[in-house]
Amino acid sequence: WDVPAAELAAMRQVMRAPGVLDAALGWYAQALMPDAEALARATPIVSAAVPVPTLGIVGADDGCVSAEIFTAGMDAASYPAGVQVAVVPGAGHFVQR
C-alpha cells in the first residue's frame, strides 16, 4: 500500500491536532481489547451464522490480514447459505483502492 506523499502529509497534519492521535489509537485498542460488557453484547452477533450467501473479498497483498488467514476464517459452518472468497491480485488491505 503506497500512500501518495500529499495524502500522507495531510494525515500527519490531522494527527498533530490535540487529542486526535489518542482518539485514533484508542479506537483500535478498544476494538482489539473490548471490556467485558462490550464483549458480552457483541459475542452473539459476531458468533451467529450468516444466513445469506456471502462473498468475502481480500487483497492478495494485504499487510494486515493475509489472504490465507482471511480465507481460513471463512469456514463453511458459519455460512450455511454458502460462502466464496475472492482474492484480488495486486490489492492490499483497502481492496477498493
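This is a predicted model: local features need pLDDT of at least 70, side-chain atom pairs count only at pLDDT 80 or more; totals for chains, interfaces and linings use all residues.
Residues are numbered from 1 along each chain as its sequence is written, and side-chain values use heavy atoms, with hydrogens and water left out.

The side chains of E37 and R41 meet in a salt bridge, with 3.0 Å from N to O. The term stands for a side-chain nitrogen of Lys or Arg within 4 Å of a carboxyl oxygen of Asp or Glu. How many salt bridges does a search of the whole structure find? The search finds 1.

## Helix α3

Both residues sit in helix α3 (residues 36-47), 4 residues apart, or about one turn of the helix. An α-helix has 3.6 residues a turn, so residues three or four places apart point the same way. Helices (H or I, at least four residues) and strands (E, at least two) are DSSP runs, numbered from the N terminus.

From its first C-alpha to its last, α3 reaches 16 Å with its 12 residues, close to the 16 Å expected at 1.5 Å a residue; the expected span is 1.5 Å times one less than the number of residues. Of those 12 residues, 1 is buried, so α3 lies largely in the open.

Now look at T54, which lies in strand β1 (residues 54-59). A polar atom of the T54 side chain is 2.9 Å from the backbone oxygen of V52. Leaving aside neighbours within four places in sequence, T54 is in contact (heavy atoms within 4.5 Å) with M74, Y79, G82, V83 and Q84.

Where is G82 placed? You will find G82 in the loop between α4 (67-72) and β2 (83-88). At 30% relative accessibility, G82 counts as partly exposed. Not counting residues up to four places away in sequence, G82 touches V52, P53 and T54. G82 and L55 are 27 residues apart in sequence and 8.6 Å apart in space, C-alpha to C-alpha.

## Y28 in helix α2

Finally, find Y28 in helix α2 (residues 20-32). Is Y28 buried or exposed? Y28 is exposed, with a relative accessible area of 52%.

Methods
A polar contact is a pair of N or O atoms within 3.5 Å; within protein, one must be able to donate a hydrogen and the other to accept it, and residues adjacent in sequence count only if both atoms are side-chain atoms. Buried means under 20% relative accessible area, exposed over 50%, partly exposed in between (1.4 Å probe, protein chains only).
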